[in-house]
Amino acid sequence: MAFPARRLRRLRRTPALRRLVAETDLRVDDLVAPLFVREGIDEPRPISSLPGVAQHTLDSLEAEAKHLVSLGVPGLILFGVPERKDAVGSGASDPDGIVQVALRRLSDTVGGEIVLMADLCLDEYTDHGHCGLVRPGGTVDNDATLERYGEVALAQARAGADVVAPSGMMDGQVGAIRGALDDDGFAETAILAYSAKYASGLYGPFREAVDVTIAGGGDRRSYQQDWRNGTEAVAETLLDVAEGADMVMVKPAVTYLDVLSALVRRVEVPVAAYHVSGEYSMIRAAAERGWIDGEAVMLEQLTAIKRAGAAFILTYFATEAAELLGG
Ligand code: PBG
């Protein structure tokens, strides 16, 4: 018998053959666009570390949401940048807080045509920049924070969120939010839990996007996961599902594909992945220098996330990818 016995290159010979046997199909339906809306501005403000992404005004947010609808993108997730921050993050649950105002506007204009998700956290709204309430000694108080999360969930649900997405990594947050929603008649509001969220260095540009500096040069390692651990991600996720999470998420994406793949085998709810700000900016920066082909690397990474089992992907490339992939 001639060597080699098996010729795998036969099926790679032409584009049509490759298309025929391709296992993974990245689609517009896989994309969710993160959008920032800032209180008290008249013009959208570019975010220098996230080229192509802006802090929106209410008007530019609405225009962007309509554009996403026209491209067939099925979801968006909102982050608010308030004018004023305080110790308890009041703006997060204020009915007139920026995200609530934006949600009412979007549910009036594009509601039903695109899934309206709201990131549920306090860090954008607190003056110390932590995701929860801080005790006098500087540590984050888990259980006091849960009460605040319940209030934020209700404010978002009342304003028209289809999905609330707790990202603060407090223990028991999903159960607390589910309870608060159910008690107030919002049994139909879904929860997308950031279940396996790591204390990653890849959130840098996001913090510029939402004007967050953690007080005293602190970090989030006392509540976000240690990136040396994988088993812990399974424990976190199983708990979130038991507490009522309708969907769960891994974040960041590309550095945690092993975690994503493990979770997809362990839970019976959709597992999403967040291709975060640093992952986006690294591609954009290298492409700007001509060091990589940005479009090719974008498609490679998003497809890899899908191949690892993601049900959908939150990505700052949503518009660009949707334009490339077609409806
Ligand atoms: C917390 C939150 C963060 C991101 C999403 N939700 C920041 C953090 O945990 O520090 C990061 C998203 C990104 O980097 O794109 N509200």
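Me: Which label does Asp-211 get, buried, partly exposed or exposed, and why?

Reply: This is a predicted model, in which local features need a pLDDT of at least 70 and side-chain atom pairs count only at pLDDT 80 or more, whereas totals for chains, interfaces and linings use all residues. Residues are numbered from 1 along each chain as its sequence is written, and side-chain values use heavy atoms, with hydrogens and water left out. Asp-211 has a relative accessible area of 36%; buried means under 20%, exposed over 50%, and partly exposed in between (1.4 Å probe, protein chains only), so Asp-211 is called partly exposed.

Me: Which peptide bond is cis, and what is its omega?

Reply: A cis bond joins Lys-251 and Pro-252, with an omega of about -10°. Pro-252 is located in the loop between β10 (247-251) and α8 (257-266).

Me: How do you know that Lys-306 and Asp-30 form a salt bridge?

Reply: A salt bridge is a side-chain nitrogen of Lys or Arg within 4 Å of a carboxyl oxygen of Asp or Glu. Between Lys-306 and Asp-30 the distance from N to O is 3.1 Å, so the pair meets the cut-off.

Me: How many salt bridges does a search of the whole structure find, and what makes Asp-141 with Arg-135 one of them?

Reply: The search finds 16 salt bridges. The side chains of Asp-141 and Arg-135 meet at 3.8 Å from N to O, which is within the limit and therefore counts. Asp-141, at a relative accessible area of 21%, is partly exposed, and so is Arg-135, at 37%. Arg-228 and Asp-226 meet at 2.7 Å, N to O; here Arg-228 counts as exposed at 69% relative accessibility, while Asp-226 is partly exposed at 28%. There is also a network of salt bridges that links Asp-59, Glu-62, Lys-66 and Arg-105.

Me: Which residues form the positive surface patch, and why is it called one?

Reply: Arg-7, Arg-9, Arg-10 and Arg-12 form it. Patches are made of residues with over 30% relative accessible area and no salt bridge, like charges being joined within 9 Å and nonpolar side chains (Val, Leu, Ile, Met, Phe, Trp, Tyr) within 5 Å. Lys and Arg count as positive and Asp and Glu as negative, while His and the chain ends are not counted, and the place of a charge is taken as NZ of Lys, CZ of Arg, CG of Asp or CD of Glu. Arg-7, found in the segment before α1 (15-21), has a relative accessible area of 45% and therefore passes the area requirement.

Me: What makes the nonpolar surface patch?

Reply: Leu-11, Leu-20 and Val-21 make this patch of about 290 Å², with areas taken from the Shrake-Rupley method with a 1.4 Å probe, only the protein chains shown counting as cover for residues. Leu-11, which is also in the segment before α1, is partly exposed at 46%.

Me: Which residues show that strand β8 is covered on both faces, and how do you know that β8 is paired with β5?

Reply: In β8 (residues 163-166), Val-163 and Ala-165 on one side and Val-164 and Pro-166 on the other are all buried. In a regular strand the side chains alternate between the two faces of the sheet. Two strands pair if DSSP finds at least two bridges between them; strand β5 (residues 115-120) is joined to β8 by 4 bridges, in parallel, so the two strands are paired. Strand β9 (residues 190-197) also pairs with β8 in the parallel sense, over 2 bridges. Val-164 stands opposite Ala-118, and its bridge partner in β9 is Ile-191.
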